[in-house]
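Me: I'm new to this one and would like to learn how to read it. Could you walk me through it, a feature at a time?

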Amino acid sequence: MTSIEPARPRKSLILNAFVEMCSGHQSPGLWRHPEDESHRFNDIEHWTELAQLLEAAKFHGIFIADVLGGYDVYKGPRNLGPAIASGAQWPVNEPLAVVPAMAAVTKSIGFGVTVATTYEQPYHLARRLSTVDHLTKGRVGWNVVTGYLDSAARNLGLTEQPQHDTRYATAEEYLRVTYKLWESSWRDDAVQLSRTTGIYTSPELVRPINHTGPNFTVPGPHLCQPSPQRTPVILQAGTSKSGKLFAAQHAEAIFVAGHSPSVVKNNIAEIRELAASQFGRDGTSIKFLALLCPVLGATEEEARNTFKEYQSYGDVEGALALFGGWTGIDLSQYGEEEELRGVQSNAIRSAVEGWSKATPEVAKWTKATVGRHITVGGLGATPVGTPAQVADEMERWVAEADVDGFNLAYAIKPGSFKDIIDLLLPELRKRGLFWEDYAVPRGTYRENLYGRRGQTGPPEGHPAAKYRWRAGVAAEEHQIPE
């Protein structure tokens, strides 16, 4: 008798808005669109209005990307001209600064902020993130990156980026330092605030971490008292060999990008398996979020017309500047009409082959068609259609790649998000794919990510959990793990 494997229950999707403190972000040139307001990124009201809009729609979070340098590979070397002229993630502001303002006008939405481990001391960053975790009442996440732009390295004391595996080895130690500061330096109940005894904090319940390693020497103790989450939600976005190992050990949510589910499917399965086999974690508990930039319309024709309109504003030079920074490949080396399927670069060929399968109507892939293709939505998928068609595509990603949700990019801002709210979310809710309200209203980012009240700190099995110095535990009974 043949056994039938039971169908997996449908996932309630995790949805973040994907933004950056710049104009256009993933869609270079669309700042010229008459309805786009992303050029207002210097105005605090732009961000508070966006946070209120997204919280009213019950988005899980706002995921804020960041870079520390310009995209200077295209027409390079070190040529920032195309990025500067087109506004391709230039200029770009520091993301953490705006989070408290957005938190002040909201109650439940979370904030994931990108900060690189390569260029900042962990003692300093731990304090900044604890401060924001306090001010947001526990609604901050940290997207841990190691950086990918040599232009950033040159402005931060290096001639070029450290080697890839070296950056991840540094990041590994970096996280152990921050876990020690956040979780082991103060006991849960260290702060007394006793007017009777006059003791604000019990000195015996605060201790140095005395970390000495190959990259960092941090005696401690942490400068901040325990914040609501102590360790912010750990987010990550690397799928190299080192990145997968790092993510399998540390990440609670992982950002993936590709033109179709088949591109990311194997990486997701491998990271889930690594988490279980090498680090003793529940691999199914890791949340995978795919980059998606939906273009919606009441009818398919309307959506396609909107997409064509968006593409007409796209800046191909800006798109090729972004492509150069993301991949390290300067497409200016190729002829205007050169067919990129036949070039020597495996990276270019594989990218173009994937795009050609997803977009068969493009007869010839040249650098101009590549640029046009990524002017709306960048390197991720850009489904175009009715709410039902886009919801079908999202379900396909869940079924084929086992993603748990999406980081939703915009073509125009806030118009793309308003279309998602007005058109797509009702369809997702009708299908039982998106919640009606936060699982834990006024809860922490982590509580709403996992859908569990009380899950303010990292769950059991996450490496940070073993560092927690809990109330009532004597210091000698809880040694700081290495």
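Me: Which residues of α4 are buried?

Reply: Pro122, Leu125, Ala126, Leu129, Ser130, Val132 and Asp133. These residues lie on the same side of α4, because they cover an arc of only 165 degrees around the axis. Here's the general idea: an α-helix has 3.6 residues a turn, so residues three or four places apart point the same way.

Me: What span should α4 have, and how far apart are its end C-alpha atoms?

Reply: Helix α4 runs over residues 122-135, and at 1.5 Å a residue its 14 residues should span 20 Å. The end C-alpha atoms are 20 Å apart, which agrees. After α4 comes Lys137, with a positive phi near 60 degrees.

Me: Now for the aromatic rings. How is a pair of them described?

Reply: By the distance of the centres and the angle of the planes. Searching the whole structure turns up twelve aromatic pairs. Take Tyr174 and Phe216: their ring centres are 5.4 Å apart and their planes are at 90 degrees, so this pair is edge-to-face.

Me: Where do Tyr174 and Phe216 lie?

Reply: Tyr174 is in helix α6 (residues 164-184), while Phe216 is in the loop between β7 (211-212) and β8 (217-218), so the pair ties together parts that are 42 residues apart in sequence. Tyr174 and Phe216 are both buried. Ring pairs also link Trp142, Tyr174, Trp182 and Phe216 into a cluster.

Me: What kind of aromatic pair do Phe434 and Trp435 form?

Reply: A tilted one, with 6.3 Å centre to centre and 50 degrees between the planes. Phe434 counts as buried at 4% relative accessibility, and Trp435 does too, at 13%, because the cut-off for buried is under 20%.

Me: Which ring does the charged end of Arg207 sit over?

Reply: The ring of Trp469, and the charged end is 4.0 Å from its centre.

Me: Last one: what is the mean pLDDT of the protein?

Reply: The mean is 94, and 98% of the residues reach 70 or more. Over residues 1-6, though, the pLDDT is below 50, and this stretch has zero contacts in the model beyond near neighbours in sequence. Where pLDDT is low, the predicted coordinates should not be read in detail.

How values were computed:
Residues numbered from 1 in each chain as written. Predicted model: local features only at pLDDT ≥ 70, side-chain atom pairs only at ≥ 80, totals over all residues. Heavy atoms only, no water. Phe/Tyr/Trp six-rings, centres within 6.5 Å; stacked < 30°, edge-to-face > 60°. Helix = DSSP H or I, 4+ residues; strand = E, 2+ residues; numbered from the N terminus. Buried < 20%, exposed > 50% of the residue type's maximum accessible area, 1.4 Å probe, protein only. Lys NZ or Arg CZ within 6 Å of the ring centre and 35° of its normal. pLDDT = per-residue confidence, 0-100. Contact = heavy atoms within 4.5 Å. Expected span 1.5 Å × (residues − 1). Arc of directions from axis to C-beta.
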